[in-house]
Amino acid sequence: MLHTTKIRILFVCLGNICRSPAAEIVCRATLLNAGLTERVEVDSCGTAAYHVGCRLDSRMLAALRHAGYEYGGHLARQLRKRDGEEFNFIVPQDDENLRDVKHMLHGCKAHIIPMCKWFPRGCDLHEVPDPYYGDAADFESVVQLLADSMPRFLEDVRAWLSE
Ligand code: 4NP
């Protein structure tokens with residue numbers, strides 16, 4: 001039903017301390033600018049349990065702040081089976097996340113769409129690179145890639161909302 005339905009989007013990476021919370025934060029800022037916060041809910045989680053309960057990686061926090069994003073707090077959580085029923089769209093950040101999500105949520109109701117679907121035209125990457133063992137520049141590149149993906153992502157969000 002137009003203008004009353006809400007969509008829920010879940011970003012997924014491995015640890016839920018770097019890429020997927022960054023995607024959540026960048027997406028939330030995009031939705032705020034677009035006036036869509038009432039219509040779209042975003043969250044993030046990890047396929048692994050290593051960092052459950054941890055805050056955002058300090059290097060990712062620095063990269064986000066450097067790019068002008070505000071951090072409202074985040075505690076890592078692991079993907080759970082019911083996410084596949086409670087979210088409309090699940091967005092894995094890399095190929096391994098995609099494979100793990102498909103395996104863990106086999107047969108789920110949610111649409112599983114890799115983040116690379118919205119990479120800018122001409123971008124030769126096919127996944128959001130894992131910055132965990134990288135340096136500050138790698139974290140900044142991830143934030144930039146996510147931000148550059150938002151125009152095309154927003155086009156799809158608007159389309160989903162009008163379906
Ligand atoms: P994320 O990054 O999946 O983007 O949150 C990582 C976090 C932790 C590890 C790897 C990647 N780790 O190996 O502990």
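In this model, the side chain of Asp130 reaches the backbone nitrogen of Tyr132 at 2.9 Å, a polar contact in the sense of a pair of N or O atoms within 3.5 Å, where within protein one must be able to donate a hydrogen and the other to accept it, and where residues adjacent in sequence count only if both atoms are side-chain atoms. The model is predicted, and local features need pLDDT of at least 70, side-chain atom pairs count only at pLDDT 80 or more, and totals for chains, interfaces and linings use all residues. Residues are numbered from 1 along each chain as its sequence is written, and side-chain values use heavy atoms, with hydrogens and water left out.

- Asp130 is placed in the loop between β4 and α5, where helices (H or I, at least four residues) and strands (E, at least two) are DSSP runs numbered from the N terminus.
- With a relative accessibility of 41%, Asp130 counts as partly exposed, a class that falls between buried (under 20% relative accessible area) and exposed (over 50%), using a 1.4 Å probe and protein chains only.
- From C-alpha to C-alpha, Asp130 and Phe87 are 24 Å apart in space, and they are 43 residues apart in sequence.
- Asn16 lies in the loop between β1 and α1 (19-33) and is buried, with a relative accessible area of 0%.
- The phi angle of Asn16 is near 60 degrees, which is a positive value in a residue other than glycine.

**The ligand and its surroundings**

- The residues around the ligand, counted if one of their heavy atoms lies within 4 Å of it, are Cys13, Leu14, Gly15, Asn16, Ile17, Cys18, Arg19, Tyr50, His51, Asp130, Tyr132 and Tyr133.
- This shell divides into seven nonpolar, three polar and two charged residues, with Ala, Val, Leu, Ile, Met, Phe, Trp, Tyr, Cys and Pro taken as nonpolar, Asp, Glu, Lys and Arg as charged, and the others, Gly among them, as polar.
- A polar side-chain atom of Arg19 lies 2.7 Å from an oxygen atom of the ligand, while a polar side-chain atom of His51 lies 2.9 Å from a ligand oxygen atom, and a polar backbone atom of Leu14 is 2.9 Å from an oxygen atom of the ligand.
- Taken alone, the ligand exposes 350 Å², of which the protein buries 92%, the accessible areas coming from the Shrake-Rupley method with a 1.4 Å probe and, for residues, only the protein chains shown counting as cover.

**Aromatic pairs**

- The structure holds six aromatic pairs, meaning rings of Phe, Tyr and Trp (its six-membered ring) whose centres lie within 6.5 Å, with planes under 30 degrees apart counted as stacked, over 60 as edge-to-face and the rest as tilted.
- Phe11 and Phe153 form a tilted pair, 5.9 Å centre to centre with 40 degrees between the planes.
- Phe11 lies in strand β1 (residues 7-13) and Phe153 in helix α5 (residues 136-162), so this pair ties together parts that are 142 residues apart in sequence.
- Phe11 and Phe153 are both buried.
- Trp118 and Phe153 form an edge-to-face pair, 4.9 Å centre to centre with 85 degrees between the planes, which links Trp118, in the loop between β4 (111-112) and α5, to Phe153 in helix α5, 35 residues apart.
- Trp118 is buried, with a relative accessible area of 1%.
- Ring pairs link Phe11, Phe89, Trp118, Phe153 and Trp160 into a cluster.

**Charges over rings**

- Arg8 lies over the face of Phe87, 4.3 Å from the ring centre, the criterion being NZ of Lys or CZ of Arg within 6 Å of the ring centre and within 35 degrees of the ring normal.
- Arg59 lies over the face of Tyr132, at 5.3 Å from the ring centre.
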